[in-house]
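Please look over the sequence and the structure that follow, and then read on for a guided walk through a few of their parts.

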Amino acid sequence: MTYNNANPDSFKWVGKRVKRIDAPEKVTGELKYMTDYQFDNMVWGKVLRAEYPHAKINKIDTEGAQKLPGVICVLTHKDIPGFNGFGIVVPDQPVLCSKVVRCTGDAVALVAAETLEIAEQALSLIKVDYEPLEVVADVEFAMSSSAPQLHPDGNIHSHVAIKNGDTKKAFQVADIIVENTFYSPRQMHAFIETEGGWGVMDEQGLITIRCPGQYAYRDRMQIARSLAYNPERIRVISSPIGGAFGGKDEITVQIYLALLAMHTNGRPVKIHYSREESVIAGMKRHPFKVHMKTAAKRDGTLLANEVRAMGDTGAYASLGGAVIALAIEHSCGPYKIPNVDLEGFCIYTNNGIAGAFRGFGVNQVCMGIETHMDMIAEKLGIDPIELRKKNVYHQGEVSSVGHIVKSSVGTFRTLETAEKCDLWKNREKYKAEASEPWKKRGVSLATSFHGIGMGIGLPDYGAASIELLPDGKFLVGVGCEEIGGGNSTVYAQVAAEILNCDISNIQVVQGDTSRTLDGGTVTASRSTYTGGRAVATAAPNMVKMLTETAGEMLNLPLSKIEIETNHLSGGGEKITYQSIYQYLYENRRTTRVEGHFYLPKEKEEIEGSGGAPHHLYGYLTHVVLVEVDTLTGETDVLRVVSIPDAGKVMNRKALKAKQRAEL
Amino acid sequence: MKTIQLKVNGAVHSISCPPAKSLLDVLREDLGLTASKECCGKGECGSCTVLINDEAACSCIVLAGQADGQEIITCEGVGLNPNLDAIQESFIEEGATQCGYCTPGIIVSAKAFLNGIDHIPAVDEIKTALGGNLCRCTGYTKIIKAVQTAASRNSSEKEPVKG
């Protein structure tokens, strides 16, 4: 066999500048997103939202809406056959509220109608008798004993804590202590494709949901739970996605679509949120309040860090508990601080719902520790890069959360690179170039890190299938959706590399419970690594199938079969992929293989941490030039030097694009 | 209901629809041309950009009645696989599309912009020209580069072949 066995220099696809395989369809608009499908006999679905951020529901009267001509069905909590709740970790969010509403994004009723206008009119005819209750809008009030209790177990959804060493003693002996409170606001993903999709139930009772999402199999489980329906009879198609950034990780409209589809006599139902509805009901980034106290010695050695972070998850948990846990795991930066006392709270309020959003809590704490690093550097008269280099942990050392970091650590090298970059070296020159007398320029840097994958206690596996098709092409199937980052191209590159064929021979299908294996979420920076490794596990199985079949066809031993580019050969004869398919088909044998991959994990969880540590972390330093208008406060980011420790780069073109996107 | 005549991507269509239906909905629902997207529904994001008589416009705030008798070009009309326009090829080459949902609107805006100029535009010019198009994935740098690349392709095509 001649296939190149993991010598990166001879790679043809992996690590090269490869054009996105989905780009041709994207630049013409031919690609169909889930919200682009059109069906002739369709009906429109709409969701009735709560009128108050916190209120008791006394009565829901749908009679007027039911009677409106053109209305097909009006559904309330009474029409939910199964469990009236959803949520990735704790299903505490009602599909349709029954007794109480906890935020203005809450759903109270669903309507399906012949036109969007009729559906909207029907919503206005549903009479809900509310009794407004006291509103909890602030996390600290929510934690107090005088606040109304929003959920049966109180307003604290989760609490995580990590303690190491003796912070009290360290603060006593420290030469310098900085202490501040950092607030960060709610932020919206604002994906260009608002939440939406299609639901349809066929004559046999098979339900198909077309809706962009970040984990089709989990969406299917959540739908099945609410419908009390066999998940095998529900198909979820969730890819491609018109942007998500974490905001389509949780259920959006899938359950609404499925419920409505059960009442529309087989007609497809469409929901597509307006931007306003997306703002009201969609997921947001957790607003954080982070109190941080950091101590150092005169020479800059960090001694202690105390962190108390509160995240406002709004009315429901979604991934709030995990967001706060990840924030605490990362709250000391990529530094080795011997004494730490870290705790985080995920708090329920009547504000909009917060959940997964790129960065997943780490952004909010990074701001704190990196600001403190600059303040300590300034007070001690130490160069801010020197201070960071002095305190970063290296591979094999103990991190601030107290685990030995076994995988590679790139912080030091990203800092060295930052030190040498033009923007940093010549920062005084750049700072002096303000565009107006009332504007000021500044150059600063920050370094950060981020866990890859799910952490301890959560499944983190990849699965891929490769099928040889009648036309001699290979269909690679991976559950992880194409969210925009380009994982489809990565999967094709990996398959093309190992199968030794042109990338045009590879087709990729993603996010479809009928066509792809369960391979986990497209979140947590995991899909290239976990899905890509699953493809890399499946591909040798395909190579084996191809060679064995070719050997059989030519009646030659395997040692005589050569894997050449775009075909195989043996005994001077060329064997095409198509002829192998034909042979297997005629002999009624499978043309499909699978590959599975488990992400490596740490063995022991840090007690009370909610999933820390991760086995792998990514590291990154940014140097930034900003200009601030001292009259208005308006800030322009003029230049960013982004220095990622990217590890093995799968696609140089995609890396550049992604790096810019992350800014 | 009102019957309107539209010339879309070169083909004439007679469509019966409420006169207050948006041009965007007519394109997507009546003609199945779904490259143009609705993102904000109020002419702020540019995802629905089409050319109306060669001028870029947000089709979500144009009523079907207003479009009666006009000539419309959507992203599908700029080019379809495998016959791509230079601007589309440049977007592929420069990696200027990610999730891709905003891409057709940007392609149309860029096409209108490039149709009206005869030079390789500066970054600020492109920023102004595409100021009405929002993208959440790319950070715009590669989009701007792609427009420049397309402009230089166009100008090299116009140059006489050197013998």
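**A strand pair and its surroundings**

V478(A) stands opposite Q510(A), a residue of strand β21 of chain A. This β21(A), residues 506–510, pairs in the parallel sense with strand β20(A), residues 474–478, over 5 bridges, where pairing requires that DSSP finds at least two bridges between the strands; strands here are DSSP runs of E with at least two residues, and helices are runs of H or I with at least four, numbered from the N terminus. This is a predicted model, in which local features need pLDDT of at least 70 and side-chain atom pairs count only at pLDDT 80 or more, while totals for chains, interfaces and linings use all residues. Residues are numbered from 1 along each chain as its sequence is written, and chains are lettered from A and ligands numbered from 1 in the order in which they are written.

Because 4 of the 5 residues of β21(A) are buried, the strand is largely enclosed by the rest of the structure; buried means that 20 or more other C-beta atoms, placed from the backbone, lie within 10 Å of a residue's own.

Elsewhere in chain A, helix α3, residues 116–125, has I118(A), A119(A) and A122(A) among its buried residues. These three lie on the same side of α3(A), because they cover an arc of only 100 degrees around the axis, the arc being that of the directions from the helix axis to the C-beta atoms. Among the elements that cover the buried residues of α3(A) are β1 (43–49), α2 (63–67), β3 (71–75) and β5 (107–113) of chain A.

Note on methods: Buried ≥ 20, exposed ≤ 12 C-beta atoms within 10 Å, placed from the backbone. Contact = placed C-beta atoms within 7 Å.
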